[in-house]
Each structure stands twice: as C-alpha cells, then as structure tokens.
Amino acid sequence: MTISFEGRVAIVTGAGGGIGRGYALELAKRGAKVVVNDLGGARDGTGTSDAAQKVVEEILAAGGTAMANGGNVTDAAQMEEMVARAKEVWGGVHILINNAGILRDKSFAKMTMDEFRLVVEVHLNGSANVTKAVWDVMREQNYGRILMTASSTGLYGNFGQANYGAAKLGLAGLTKTLHLEGAKYNVRVNTIAPVAATRMTEDILPPEFLAVFAPEKIAPAALYLVSEDAPSNMIVSAGGGVVQAAYITLTQGAVLAPDQLTPEGVAAAWDQIVDRSGEIVPQNGLEQSMLIASLLQKAAG
Ligand code: NAI
C-alpha cells in the first residue's frame, strides 16, 4: 500500500537542513503541501539565514508545493502567524513535525542556567508553541498528526547534555498527554528519536558512520508516524535504516506491609522492586494507580 499525503498540509519546523529537510522533501514528493520553517541559525541557535527558502526551491524544482517560513519556534506569535497563513492559503494544517533544535553542550558543572533554559526554550517550549498554534485547527478539522522529536539523550542520557536531555524527555511526556487529549478528535501524537549524521552530531559520530546514518534515512519512520494510519502515543527510534520502539515501563514491584514500609524494608525488597518479569507499559497515569490497587487487593486477599 502506498502512503500518500495528497491533499494534506504539513508544517515541518527546523526543515532548512539536516533531518527536517529530509522530511520536507519526502512529504512534498508524496503530495503534501509543506511549510518549511527554519530560522536558519547556527548549531547553537545564533544568527539567521535563508535555509528554509533554499529547501522550498528544491521542492518547487521537483514539482512539489511548499512555502518558506523563517519564524522562530520560541516566538508564539510568529508560530500562530505561520499556522494562520498556511490555513489561509491551503485551507488547513493536518501534519506538524516539531523538529527544530539547537545544542549548548557542556557538563552540568560548567553549564550556566541560561544555557539550560535556552535549550529547553527551543526544544520543549518551542514545540509546545507550534503545537498550541495548530491544536484547535486540528481539533476542528477532526484530523491531526503530530510528531515530537526526542533523542536517545532524553531517553537514556548522554554526558554533557543535561539541558538537551531534560527538554527531549519532556517532549516524550508532552506526547503522552496530548495523545490522550487528542484521541477524541482524531489527533494522533507520537515521538521520534532519530540518530543521524548532521551538523548536530558531526563531532560525536565517527566519520565512517556518516554514510550509514544519512539524515534521509529517518524520513520513512517519521512519515509513517504522521500518515493516515499512524499509531499514537509511540516513542520510535530511527537511524541508519533501523527502526525501534522505546517504552516507559513499570515493574510489578513489591507490596510492603506496614512494618516493612521503612527505608530498610525497601532495601530488603529491592531485588523484587526492580525485577522486570511481569513489567507493564501503562497507557495513562491512572493505569498505574489501578495496578497499585489490584496489587494491594491481591496481597490482602
Ligand atoms: P540540524 O541542526 O541540522 O537541524 C535543526 C534545524 O533547526 C536547523 O536547521 C536550525 O536552523 C533549526 N532551528 C534551530 N532553532 C530554531 C528556532 N528557534 N526556530 C526555527 N528553527 C530553528 O540538526 P538535526 O540533526 O537535523 O536535528 C533535527 C532534530 O533531531 C533536532 O530536534 C535534534 O535535536 C533531533 N535529534 C537529532 C539527532 C541526530 O542524530 N542528528 C539525534 C537526536 C535528536
């Protein structure tokens, strides 16, 4: 079955280069009208350029439909304007891929709180700004597909990226609640954690990995996650042609009797608390409370 985006309007933030450019080109090739957003700054977020316009020219040259937007995702008013313009010209917004991002890597000891806040501002609050701007449009249309961009740093940690990791896991958390709130309106929300050789990873990935991790290799997973039949609430990792699912799981744990509910009792039960047999993936926070209630009932009965 061919996955088509004919008749769909898509916004891709940070699509002036790297992974986002790959998304924009492939969406346009498959029929979407694409808003290519990019501030066009350097890797640390400073400066501006016409990066978005260049990608639009590539799309137009290939026979696709696209418009450039040089707005900053940290500026909510600019993002509202971008969405209003897409709606005015093309009649709606069906797909949003929050992909824009910057780095300010440093060990936490050396990181200033300004460097921490700036990275959270672009990735987490920036994605929330654009999502907020499309949210009502998607609810009213009864159709929306939103993709957040996390990272292995958010999911598993990486030395020197405390600011980035905090923002990235925040995006996976944002996905989980928006998935619940959007379900009724046919708005599906997922998270992608890419691994690609771009300017963002040029000093992390060894040179022999550059071809293996070409940024274009992320687009197939991302496009599936914003397609008509997309799943929702998933965290998907993609890199080098390998696509994986990541889960936030919960162990069955230990039920501690009142006289065991002490730090010493927790230490004594530790092996059982971390035992992964019978681990579940709760679909919402309430499921955890229900599990606790059923474990208590079982222990009492
Ligand atoms: P990139 O630096 O090539 O792309 C990021 C784009 O976002 C740039 O074109 C930049 O100009 C734009 N941008 C930055 N701040 C912006 C702002 N305030 N408003 C609008 N646009 C802005 O890097 P890459 O690798 O393509 O990254 C894309 C996304 O994937 C980012 O969210 C990144 O954190 C994430 N990611 C990348 C990984 C990789 O292996 N390359 C690993 C994990 C996550």
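This section describes the overall architecture, the ligand surroundings and selected loop residues of a predicted model.

The protein contains 10 helices and eight strands. Its radius of gyration is 21 Å, close to the 19 Å that the globule rule gives for 301 residues, so the protein is as compact as a globular protein of that length. Along the principal axes, the C-alpha atoms occupy a box of roughly 70 × 45 × 35 Å. Of the 301 residues, 41% are buried. Among contacts with a sequence separation of 6 or more, 67% join residues 24 or more positions apart.

The domain assignment divides the protein into domain 1, spanning residues 9–246, and domain 2, spanning residues 258–300. The centres of domain 1 and domain 2, computed over C-alpha atoms, are separated by 36 Å. In the UniProt record, an unreviewed entry, the annotation "domain: Ketoreductase" covers residues 8–198. This span, residues 8–198, is 49% helix and 17% strand, and its end C-alpha atoms lie 28 Å apart.

The ligand is surrounded by 34 residues, of which the closest are Gly14, Gly18, Gly101, Ser151 and Thr198. Two or more residues of the shell are contributed by each of helix H1 (18–29), helix H4 (113–141) and strand E6 (187–195). The greatest contribution comes from H1, which gives three residues to the shell around the ligand. By residue class, the shell around the ligand comprises 19 polar, 12 nonpolar and three charged residues.

Several loop residues were examined individually. Gly17 is located in the loop between strand E1 (9–12) and H1, the helix that gives the most residues to the ligand shell. Gly17 is classed as buried because 20 other C-beta atoms lie within 10 Å, and 20 or more is the criterion for a buried residue. Gly17 and Phe209 are 192 residues apart in sequence, and their C-alpha atoms are 19 Å apart in space.

Lys106 is placed in the loop between strand E4 (95–97) and H4. When neighbours within four places in sequence are left aside, Lys106 is in contact with Met111, Glu115 and Gly160. The C-alpha atoms of Lys106 and Ala162 are 8.0 Å apart, although the two residues are separated by 56 positions in sequence.

Most residues other than glycine have a negative phi. Asn142 lies in the loop between H4 and strand E5 (144–149), and it is exposed, with 10 other C-beta atoms within 10 Å. Asn186 likewise is not a glycine and has a positive phi of about 60°. The loop that holds Asn186 runs between helix H6 (162–182) and E6. Asn186 is partly exposed, having 14 other C-beta atoms within 10 Å.

Gly241 occupies the loop between strand E7 (235–239) and strand E8 (242–246). Gly241 counts as exposed because it has 12 C-beta neighbours inside 10 Å, and the exposed class extends to residues with 12 or fewer. The C-alpha atoms of Gly241 and Val195 are separated by 9.8 Å, while the two residues are 46 residues apart along the chain.

Note on methods:
Residues are numbered from 1 along each chain as its sequence is written. This is a predicted model: local features need pLDDT of at least 70, side-chain atom pairs count only at pLDDT 80 or more; totals for chains, interfaces and linings use all residues. A residue is near a molecule or strand if its C-beta atom, placed from the backbone, lies within 6 Å of it. Helices (H or I, at least four residues) and strands (E, at least two) are DSSP runs, numbered from the N terminus. Ala, Val, Leu, Ile, Met, Phe, Trp, Tyr, Cys and Pro count as nonpolar, Asp, Glu, Lys and Arg as charged, and the others, Gly among them, as polar. Domain bounds come from an automatic or database domain assignment. UniProt positions are given in the numbering used here, feature names are shortened, and annotations may be inferred rather than shown by experiment. The radius of gyration is taken over C-alpha atoms; the globule rule is 2.2 Å times the number of residues to the power 0.38. Two residues are in contact if their C-beta atoms, placed from the backbone, lie within 7 Å.
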